[in-house]
2 protein chains.
Amino acid sequence: MSRLVMKFGGTSVADLERIRNVASHVQREVEAGNQVAVVVSAMAGTTDQLVRWTREAAALHDAREYDSVVSAGEQITSGLLAITLQGMGIAARSWLGWQIPVRTDDVHGSARIEGIDVEDLKRRMDDGQVAVVAGFQGIAPDNRITTLGRGGSDTSAVALAAALAARCDIYTDVDGVYTTDPRIVTKARKLARISYEEMLEMASLGAKVLQTRSVEMAMINRVPLQVRSSFDPPGGPFDPQDHGFGPGTLVCGEEDIVEQQVVSGIAYSKDEAKVTLVRVEDKPGVAARIFGPLSENAINVDMIVQNVSEDGETTDLTFTVTHDDLSRAMDVIRDAGSEIGYQDLVGSTDVVKVSVIGIGMRSHAGVAAKMFQVLADKGINIQAITTSEIKISILIDAAYTELAVRALHTAYDLDSE
Amino acid sequence: MSRLVMKFGGTSVADLERIRNVASHVQREVEAGNQVAVVVSAMAGTTDQLVRWTREAAALHDAREYDSVVSAGEQITSGLLAITLQGMGIAARSWLGWQIPVRTDDVHGSARIEGIDVEDLKRRMDDGQVAVVAGFQGIAPDNRITTLGRGGSDTSAVALAAALAARCDIYTDVDGVYTTDPRIVTKARKLARISYEEMLEMASLGAKVLQTRSVEMAMINRVPLQVRSSFDPPGGPFDPQDHGFGPGTLVCGEEDIVEQQVVSGIAYSKDEAKVTLVRVEDKPGVAARIFGPLSENAINVDMIVQNVSEDGETTDLTFTVTHDDLSRAMDVIRDAGSEIGYQDLVGSTDVVKVSVIGIGMRSHAGVAAKMFQVLADKGINIQAITTSEIKISILIDAAYTELAVRALHTAYDLDSE
């Protein structure tokens, strides 16, 4: 008897027919002998509607009230799924965040889970009852409802799986994690397995399958995570030989991946903006005068490039931020202008970040060299570079996105036959 | 500084514009120096939608899940009103049933309030914060959400007013309690005051302004109840000379009504169905054999008429139930048929109950005699009669409803000039 957490997102519970489909997935797992907890999001569109109302009610709204309003979406879905399961003869009950409870800090709107008291839940699951858990929500120390921020239901599911020592299946509208975006590269392959570290880079670098925080939590707690599609037939193949996991992609420790590829995937992110300070004085302390104020204003800087000074006195400095932060970043730099000393300030959103990700890079040299060669062959200019142990990211002109991703996908032998 | 509970129903919070209107009503009372708690229903249509979903999810749904789903409606409104008030510069926070808590029994779907722990709430109100309370909901001993049944927000408001020793204003889509239904009698008058006892009869007998249970609770706890319209301009006249009550109808103890009319109102109910057993054996024990099984099947019988036996052996027996119970009542009688012994069983929904209500009846004779005379003058046949200390109800052919109500309204001097 193994414990399983199943998570279904908004499109998977969009209406009563979809909820019945979810119930069939749950039924299959119950009949296979699993103790099941199901984490559900709000019906697609509901959260947006509720968020819109809070904004229309007042421009500056109290995050505690926002949380109380918005969490109603998951409350509705959890009750409806419990009713649907009962209607199919499966013992089930809904659990709201405050009922379990899922204890969080008091940062309303994007709270962090501090602990889940699963004793009651476990007892009910031991008795054969399916636990239907409203995702995305918890309770703060002051007894008020919190929400975990966008995509928070993934985090709810992984945190619950960690607390229950269960594996976690994330049902979504795609059937797994791909080597790259299949909308750009038709030869993209579905990965059977991917390591937590790689998935974390993929999620941070633009792949939208899983929320970064949930992958991080799964990695720390060693929760086996499976990404699969809720749109597959619920009665679809279940292969117990495959370590109990069905189709989809398994996110797991690298020790569980036998044949490790050097490169596992190519990610890209269009949410990049570039800021260049032209002819900054090239002297000690100038970087601190630029990045200090940005940090104080909670603006995350990603890539930084400083050119070699040509005249020994001034240099150009470029950094990247997200689209949303661009105009604020420009303002901050302008305000600190007299202290920094620069000739010109240029902002641009016409860039994309392309990343090559793979745990194999640790032991294989030449991955970066191949990347630069491929881009050079296609005549694509590299504007900035950052690297980590398992990824290389480059910033290029957005117009070359598809060309670069396709060329790299082929070069690293990721194309399907 | 006096405490005030204001209650707004579904049509009064139907959208954000109506919610802003509610906030203006609250603002007026805050500025007049009141400590305010506002009880809100779900936005009009929301509860129906949620109820429909629970029914579609499974024909026989778990009442605990139903409560969890349906209570989300009031949760949304309470948060939105709190945000709106804050946006107007008024300190406010929302309270859900389980947060206060409003403790109820475990009869999910139509729970009874057992107590409200108002200490936290009071402290916040003393600090000048408006309490926005989600109506219609509470929490059962097992930590699950309960709802109070249809119209339960009225009960929430009165129970809260009782616990806070506050007066209670019920805002609705009519501007008070009328001597009768103004849609039938254009000369119907709005009553400035009405006693709890009379209001209770009016509510039970078809007037839909207030929920019966809430009036009962107000009467027991001596909560001054004012019925007024949320569609009046929020900045409308507030007359401190009028015992602190604005326009509308005050429901209060009869000692607070100086000029008591003999008859205060005429109510009618179309939700009546008549069952006649033809030629029942006229012998001891037959009534028990009829009404015993009905009671065992939880069918409420209202009026009962047994004719004088003509032949000394058989008689006709007629009783009334609600529309909804008619077919079940007929089935129950048929099942017990051999034990009862009757010749024929006839059911009909073609009847209406018309009631004359007034505390003055206690001390004035002749009210019933006048009623019978008026109906006789109009050629209306009376099929059944019941009386209490302060009301007389008669059952007549539904086709005569308007004629009877208008004639009685005039006869008891209730017409406005």
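1. Strands here are DSSP runs of E, at least two residues long, numbered from the N terminus. The model is predicted. Phe136(A) lies in the loop between strands β6 (130-134) and β7 (137-139) of chain A. Its phi is near 80°, a positive value in a residue other than glycine. Phe136(A) counts as buried because 29 C-beta neighbours fall inside 10 Å, and the cut-off is 20 or more.

2. Arg279(B) also deserves a look. Its phi is near 55°, positive although the residue is not glycine. Arg279(B) sits in strand β14 (residues 273-281) of chain B. With 16 C-beta neighbours inside 10 Å, Arg279(B) counts as partly exposed.

3. Check the cis peptide bonds. One runs from Ile100(A) to Pro101(A), with omega near -15°. Pro101(A) is in the loop between β3 (92-95) and β4 (102-104) of chain A. Another joins Ile100(B) and Pro101(B), with omega about -15°. Pro101(B) lies in the loop between β3 (92-95) and β4 (102-104) of chain B.

4. Now helix α2(A). Its buried residues are Thr46(A), Thr47(A), Leu50(A), Trp53(A), Thr54(A) and Ala57(A). They cover an arc of only 125° around the axis, so they lie on the same side of α2(A). They pack against α3 (63-70) and α4 (72-87) of chain A, and against α1 (16-31) and α4 (72-87) of chain B.

5. Chain A has an open, antiparallel sheet of 4 strands, ordered β15-β16-β14-β17. β15 (304-306) and β17 (344-348) stand at the edges with a single partner strand each, so one side of each has no neighbour in the sheet. Antiparallel β15(A) and β16(A) (residues 314-321) are joined by 3 bridges. Val305(A) stands opposite Thr318(A) in β16(A).

Notes: Residues are numbered from 1 along each chain as its sequence is written. Chains are lettered from A and ligands numbered from 1 in the order in which they are written. This is a predicted model: local features need pLDDT of at least 70, side-chain atom pairs count only at pLDDT 80 or more; totals for chains, interfaces and linings use all residues. A residue is buried if 20 or more other C-beta atoms lie within 10 Å of its own, exposed if 12 or fewer, and partly exposed in between; C-beta atoms are placed from the backbone. The arc is that of the directions from the helix axis to the C-beta atoms. Two residues are in contact if their C-beta atoms, placed from the backbone, lie within 7 Å. Two strands pair if DSSP finds at least two bridges between them.
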